[in-house]
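Biologist: Can you walk me through this one? I'd like to start with the aromatic rings.

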Amino acid sequence: MIWTSKYSWKFLLIEIALILLAIVYLSPFFFVVVNSFKDFSAILNNPASLPERLDFTNFIRAWEMINLPSALFNTILITIFTNLVLVIFASMAAYRLVRHPSKGNNMLFLIFVSTMVIPFQAIMIPLVQMSKWFSLINTIHGIVIINMGLIVPFTIFLYHGFIKTIPKEIEEAAIIDGCSPYGVFWRIVFPLLKPMTVTAVVLQSINLWNQFLEPLLFLQLPELHTIQIAINTLFGAYTNQWDLALAALTISILPIIVFFLIMQKQIVAGITSGGIKG
């Protein structure tokens with residue numbers, strides 16, 4: 001009983017500490033949502049107070065002023081196409097690297113992993129110059145190609161570890177039954193990669209949704225602005241429109257939160273599946 005009581009109190013204290021830590025991390029979210037319903041003067045006077053009433057004027061003005069529908073559409077388009085291309089190429093590349101080990105493939109995987117530690121700012125200037133040469137500036141397909149190049153090493157790294165847990169016997173049985181190499185991958189292996197695919201898509205979607213520097217450099221036309229760039233126009237050198245900015249931020253975070261909640265069960269299933277296979 002003493003041992004049980006001791007560790008019960010220990011776990012209780014840990015839970016309390018984690019709850020307090022969660023409250024600290026969620027406090028900015030609270031201030032954003034609460035102040036999005038206030039006017040500018042109320043935000044300056046008492047940002048911590050609750051709004052007197054739910055006034056959606058800020059949301060309507062922000063929606064029209066910075067053309068949020070267009071920005072949301074551009075962001076969703078970039079996120080969907082980047083994830084689509086990323087999943088196809090990264091899964092196929094990782095499968096080839098795992099199932100055909102050689103010095104060349106091992107070196108190639110090492111290069112992919114090593115690029116993960118290189119910050120974007122270090123390659124920003126030459127990447128912009130190369131994008132100009134290949135006419136990738138101010139195009140949706142251009143930012144998709146650039147994003148794929150920046151994110152594909154991490155996605156290959158995720159797939160690479162997961163594919164190792166898939167038994168080769170399944171693929172050998174399919175080959176014996178007359179399945180082609182591409183058929184083995186798309187009909188047998190790729191469906192088994194669903195847990196890791198969902199995890200990769202969720203992680204990269206959050207990353208793509210919050211991108212600021214890349215769209216700022218490569219999408220300079222107003223009609224191509226993403227949600228983060230559109231919100232940034234509300235912050236000037238001398239004045240910040242906090243009432244509209246907070247309303248726009250609240251709108252921008254809703255789609256990615258809903259997406260995460262919908263895919264949450266798949267992520268948990270993927271982690272559990274990976275743990276069982278490992």
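Predicted model: local features only at pLDDT ≥ 70, side-chain atom pairs only at ≥ 80, totals over all residues.

Modeller: Residues are numbered from 1 along each chain as its sequence is written, and side-chain values use heavy atoms, with hydrogens and water left out.

Biologist: Are the rings of Y95 and F185 stacked, edge-to-face or tilted, and why?

Modeller: Their centres are 5.2 Å apart and the planes sit at 50°, so the Y95 and F185 pair is tilted. Planes under 30 degrees apart count as stacked, over 60 as edge-to-face and the rest as tilted.

Biologist: Which parts of the chain does that pair link?

Modeller: Distant ones: Y95 is in helix 4 (residues 68-99) and F185 in helix 9 (residues 181-192), 90 residues apart. Helices here are DSSP runs of H or I, at least four residues, numbered from the N terminus.

Biologist: Y95 and F185, buried or exposed?

Modeller: Y95 is buried, with a relative accessible area of 13%. F185 is buried too, at 4%. Buried means under 20% relative accessible area, exposed over 50%, and partly exposed in between, using a 1.4 Å probe and protein chains only.

Biologist: And how are W186 and F190 arranged?

Modeller: The ring centres of W186 and F190 are 5.2 Å apart with planes at 55°, so that pair is tilted. Both residues lie in helix 9, four residues apart, about one turn of the helix. W186 counts as partly exposed at 34% relative accessibility, and F190 is partly exposed at 22%. Y95, F185, W186 and F190 form one aromatic cluster.

Biologist: Moving on to the core. Which residues touch the most other members of the largest nonpolar core?

Modeller: Y95, I156, Y159, I163, V184, V189 and L193, out of 26 residues. Helix 4, helix 7, helix 9 and helix 10 (194-209) each supply at least two residues of this core. A nonpolar core is a set of buried Ala, Val, Leu, Ile, Met, Phe, Trp, Tyr and Cys residues joined through side-chain atoms within 4.5 Å.

Biologist: What does I156 touch?

Modeller: A90, A93, A94, L97, F109 and F112, leaving out residues up to four places away in sequence. Contact means heavy atoms within 4.5 Å.

Biologist: Now S252. Where does it lie, and what does it touch?

Modeller: S252 lies in helix 13 (residues 242-277) and is buried, with a relative accessible area of 2%. S252 touches W209, I227 and I231, again not counting residues up to four places away in sequence. The S252 side chain also reaches the backbone oxygen of L249 at 2.7 Å.

Biologist: Last topic, the backbone. What is the phi of S135?

Modeller: Positive, about 55°, although S135 is not a glycine. S135 lies in the loop between helix 6 (120-133) and helix 7 (140-163), and S135 is exposed at 53% relative accessible area.

Biologist: What about N138?

Modeller: N138 has a positive phi of about 60° and is not a glycine. N138 is found in the loop between helix 6 and helix 7, and is partly exposed at 22%.

Terms used
Polar contact = N/O pair within 3.5 Å; in protein donor to acceptor, adjacent residues only side chain to side chain. Phe/Tyr/Trp six-rings, centres within 6.5 Å; stacked < 30°, edge-to-face > 60°.
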